[in-house]
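Open the structure in a viewer and keep the selection panel at hand. The stops below say what to select next and what is there.

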Amino acid sequence: MGLTLDIPLHVKYIQSLGENKDDLVYHLTAHLRMNAIYWGLTALCVMKQKDALNRDEMIEFVMSCWDDEAGAFGAHPDHDAHLLSTLSAIQVLTMQDALERVDIPRVVKYILSLQQSSGVFAGDAYGEVDTRFLCCAVLALSLLGRLHELDVEKTVGYIRRCRNFDGGFGAREGAESHAAQVFVCVAALAVLDRLDEIDQDSLGWWLAERQLPNGGLNGRPEKLEDVCYSFWVLSAMSILNKIPWINAKKLTAFILSAQDLEHGGIADRPGDQPDVFHTNFGVAGLSLLGYPGLDDLDPVYCMPASLIESKGLRKGWTALPRRELA
Amino acid sequence: MSALSRKLGQLLAKSPVSIELLPGDGSEWLAEDMPEESNPHAPFLLMEGNLGVPRKLAYKAYLESVPAFRRSRTVLHAYLRVTPATGPSLDLVSAEDVADILDSSSVLLLVNPAHQSALNARKGLLTLGALDATRELRFASSLLTLHEGAKQSVLWHHRRWLLRRIYSLVSSSCGETPSRSSDIPGSLAGDGEDSLCGLGLDSDVLSTEFAIVQRACEIYPRNYHAWAHRYLCAEALATALRGDTGPGLMDAWQQERDRIRQWIERHVSDYSAMQYACHLEDLDRGLAASGEPITAVPAGHTQEKIPEERESVVEHAWTLVQAYPSHKSLWLYLRGALRPQFSPAALRLGSATSDRVRDGARALAERFLSDGSADHGGSVSPGEHALVRRHAARFLAWLSWQEGKLKLHGREGAVREIMAGGGEPRQGDAPYSFVSSV
């Protein structure tokens, strides 16, 4: 097909996202705003256009979401503190080299307070548990340099219980295997140097089965292909050093075909409306696949590889070699 | 708050049997000269407890509720901060403030069921004693009838949070379930743990939960968090059964086992249901292994000959694969059912059946591959042959790998070929050559 990644167009798309603050869509997504900023910034970094968004404005927005009572970040001013938004805030501030703005002891206290007796983490004080939140806690503590305060055995013990008979991992014990949940479990184990807990062949098989004839990846059996799984599945495979188990060429072509070449951005699949979430994970997937002109991405943190390496946090993952620009 | 949002909030507070967002602005069914009496709820529609909200109006109300909720939330937090340590004081919260919080949050949740802060505000009201948990459970049920609502993990958690408030903790431990590792302590349900174990839920409550899950899965197929919630209900039921083998709970357990089989038979592409059935069987085997009378061995019988009221998942999956071999999920169901179970008791019980089915399935898959035109009693339509061969090949590869006959390392190309399915074999090619590789 010969499609290429239209970087300037996608950069413009990301820049345009904050513009219409009166839009219904803007309000309907306020509860995800911190995450959206992280997705936008990460995509820009991978496309080597980090400065396309104003650094100071971004940092001030992040800090405006600080919930001083909780000691953590919400997704938007006047939204409750949560681990999901707290991790995104830490990731954004790390990428913007502004971590000194964070009251690290208080955030660490908040994070650790959310671990349950079973080892899983709640997402907030109201107690919903999910391996996603466990991963957020592990990544956040690691980025803050406080991983040593975590009870590793307890944490790993819970992940072990989420391993299903089909080789995958779920949101909690007894929950269906799901590629996003696989990613969060694998990433957490990678950070904790406990990848030995995984039956790597079984999981590799389950992940490889996500690829559909059209080259796209799905998240569970008999579900549709979706660009975001180009990251969730691919990063897990990268961490397991098994990217060659999937057809990289077909996946690359699939991601590129999901671009909106008129308005910019990448959608979940060809023909659908783009959004910043799929734009980020599409670009992230392409980076892991060695697409030319992109920066290296660390699959464990979904952040620039050079940054993670400079913090001494790089683990033994493998991405496809970066191809030369034509 | 605007009149529109207030009216909508009050309708939502009735906890409608179902809620639906309707296209447009509702003008199609609201004649201008219609008297108020014929539709007192205009511009909304409420028929026999089913609420219809025109999208355009829902969005308008949403935008109006955003600042209203922001104000309400600030007020609520002030109340929460001054709540005496001895417990909530109803006098503290004004009826007006309660109404504002409830109405604005319910409008936000109608359009955006993922709005966690709105849901949290309602929990806050509950902790202040200003909202009734049973009523809120009904409201949560209403939201779960929305297409977007049915899939929200926060709503399922909300139900569990409410159930934990309504029902007291009668025991502190989640019974020993066949766990993935032997070093897991028995106690799961520490304070604040998001589970339903040890709450003393009766069979009616659990049946209601199962019914709500089932409905949510009809509204939103493959509903991930609904199935996760269902497992938590099953786990709670299994735990309760260890302490109380009265007929009510046992009936509920058997009904759930029957229900999932029936669901699978009506939804042969629903792998979520199939993997749940496998998990349920694990729980059931755990109960049998712990000596519960559910699968009591009558005098004179050995363990191997337990008369089963129903076939095992292995037999269920095998029957379905033979009937509908073009459905990938059914082959995965079979693989799941054939995997060695975790409890030694289960291994003893199931091995004869598993061996028979495994051999039968292997033979069937090989027949599908060896003769492309074989249609096995009409179960494969002409257009489906390639698909069935793909599934058969994948199954055989999986079986070979499970039996240690297929090496994957250093053979990434073979893995890709297995996953790609190979398509139609060319004339003269040995079909799916990796299958015979040792």
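## A loop in chain B

Start by selecting P43(B), which sits in the loop between β1 (18-22) and β2 (45-47) of chain B; helices (H or I, at least four residues) and strands (E, at least two) are DSSP runs, numbered from the N terminus.

The model is predicted, so local features need pLDDT of at least 70 and side-chain atom pairs count only at pLDDT 80 or more, while totals for chains, interfaces and linings use all residues. Residues are numbered from 1 along each chain as its sequence is written, chains are lettered from A and ligands numbered from 1 in the order in which they are written, and side-chain values use heavy atoms, with hydrogens and water left out.

## A loop in chain A

Next select D193(A), in the loop between α9 (179-191) and α10 of chain A. D193(A) is not a glycine, yet its phi is positive, about 55°.

## Where the chains meet

Now show both chains. In contact (heavy atoms within 4.5 Å) are 65 residues of chain B and 50 residues of chain A. About 5,500 Å² is buried between chain B and chain A, with 53% of it from carbon and sulfur atoms; buried area is the accessible area (1.4 Å probe) that two parts lose on being put together, summed over both.

Seven salt bridges cross this interface, a salt bridge being a side-chain nitrogen of Lys or Arg within 4 Å of a carboxyl oxygen of Asp or Glu. On the chain B side, the elements that give two or more residues include α2 (55-82), α4 (116-127), α6 (153-166), α12 (328-338) and α14 (385-402) of chain B. Of these, α2(B) gives the largest share, eight residues. By class, the side of chain B that touches chain A has 24 nonpolar, 24 polar and 17 charged residues. Here Ala, Val, Leu, Ile, Met, Phe, Trp, Tyr, Cys and Pro count as nonpolar, Asp, Glu, Lys and Arg as charged, and the others, Gly among them, as polar.

Side chains of opposite charge can pair when their charged atoms come close. Select D78(A) and R70(B), whose side chains meet in a salt bridge at 3.3 Å, N to O. This pair crosses between chains, from the loop between β2 (72-73) and α5 (83-95) of chain A to helix α2 of chain B.

Then select D80(A) and R73(B): they form a salt bridge with the closest N and O atoms 2.7 Å apart.

## The largest cavity

Which residues are the closest to the centre of the largest cavity? Select D166(A), W206(A), E209(A), L332(B) and R335(B), the closest of the 16 residues that line it. On a 1 Å grid over the protein atoms alone, a cavity is a set of points where a 1.4 Å probe fits but cannot get out, and lining residues have an atom within 4 Å of a point. The largest cavity has a volume of about 130 Å³; grid points are joined across faces, edges and corners, and a volume is the space filled by probe spheres set on the points.

Both chains contribute elements: α10 (200-208) of chain A, with α12 and α14 of chain B, each supply at least two lining residues. The lining divides into eight nonpolar, three polar and five charged residues.

Notes
On a 1 Å grid over the protein atoms alone, a cavity is a set of points where a 1.4 Å probe fits but cannot get out, and a pocket is an open set with protein on both sides within 12 Å along at least five of seven lines; lining residues have an atom within 4 Å of a point.
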